[in-house]
Amino acid sequence: MNVLNQMKLSFLSRSINESFARSAVAAFVLPLDPTVAEITDIKTAVSEAVTNCIVHGYRDSEGTVTIDARITDAGKVIIRIRDTGVGISDIKRAMEPLYTTSCDERAGLGFAVMQSFMDRVAVRSSPGKGTTVTLEKTILRIPYDKRRSG
């Protein structure tokens, strides 16, 4: 599987940047000619992952959220969203629906939402070092290298 295109984006962990992140990733995958449903799925999953970084990863502090996205020759979109915040001590428990570490009105459905919209969701985390969420979705109708550029 060859990488045909790649982008990297970093921004401060501020709520205002969540919509910027999902829009940037959506624009990046447009050359794959996704359906409205596919683009909505990706935007929703990215939104949930970025919100987790902001709300849970950095809690009462501010840090950097990094997104690394790739498109492969197989039409696979691979999106890694990373923070260097507090990390997750029990990933299995954190991925359970309704579990949350937040004291406010969070529903605890972020990972469940990501899993419902993406083909694959993987989470790596180390307490005190941060969390990386990898989202994957295959969108393949027209070979990427056969598309018109510009």
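The model is predicted, so local features need pLDDT of at least 70 and side-chain atom pairs count only at pLDDT 80 or more, while totals for chains, interfaces and linings use all residues. Residues are numbered from 1 along each chain as its sequence is written, and side-chain values use heavy atoms, with hydrogens and water left out. The protein chain holds four helices and five strands, where helices (H or I, at least four residues) and strands (E, at least two) are DSSP runs numbered from the N terminus.

**The chain as a whole**

- Along the sequence, the elements of the protein chain come in the pattern β-α-α-β-β-α-α-β-β.
- Of the 150 residues in the protein chain, 45% are buried; buried means under 20% relative accessible area, exposed means over 50%, and partly exposed lies in between (1.4 Å probe, protein chains only).
- The protein chain exposes about 8,300 Å², with carbon and sulfur atoms supplying 49% of it; accessible areas come from the Shrake-Rupley method with a 1.4 Å probe, and for residues only the protein chains shown count as cover.
- Among contacts in the protein chain with a separation of 6 or more, 67% link residues 24 or more positions apart; a contact means heavy atoms within 4.5 Å.

**The sheet**

- The five strands make an open sheet in the order β1-β2-β3-β5-β4, with antiparallel pairing; two strands pair if DSSP finds at least two bridges between them.
- β1 (3-12) and β4 (120-126) are at the edges with a single partner strand each, so one side of each has no neighbour in the sheet.
- On average, neighbouring strands of this sheet are turned by 10 degrees against each other, direction ignored.
- β2 and β3 are antiparallel and share seven bridges, with Val65 opposite Asp83 in β3.
- Three residues lie between the strands in the hairpin of β2 and β3, where Gly75 has a positive phi near 80 degrees.
- Eight bridges connect β3 (residues 76-83) with β5 (residues 130-138), again antiparallel.
- Ile78 has Glu136 as its bridge partner in β5, and Arg80 stands opposite Thr134 in β5.

**Helices against the sheet**

- Helix α1 (residues 17-29) lies across β1, β2 (64-72) and β3, running at about 170 degrees to β1; axes are lines fitted to C-alpha atoms, for helices over the stretch in contact, and angles run from 0 to 180 degrees between N-to-C directions.
- From its first C-alpha to its last, the 13-residue α1 reaches 19 Å, close to the 18 Å expected at 1.5 Å a residue; the expected span is 1.5 Å times one less than the number of residues.
- Buried residues of α1 include Ala21, Val25 and Phe28, and the buried residues of α1 pack against β1, α2, β2 and β3.
- Helix α2 (residues 36-57) lies across β1, β2, β3 and β5, at about 15 degrees to β3.

**Two residues to look at**

- Asn17 lies in helix α1 and counts as buried because its relative accessibility is 19%.
- The side chain of Asn17 reaches the backbone oxygen of Leu12 at 2.9 Å.
- Leaving out residues up to four places away in sequence, Asn17 touches Phe11 and Leu12.
- Glu48 is part of helix α2 and, with 25% relative accessibility, counts as partly exposed.
- Glu48 and Met114 are 6.8 Å apart in space, C-alpha to C-alpha, and 66 residues apart in sequence.

Definitions and conventions
Polar contact = N/O pair within 3.5 Å; in protein donor to acceptor, adjacent residues only side chain to side chain.
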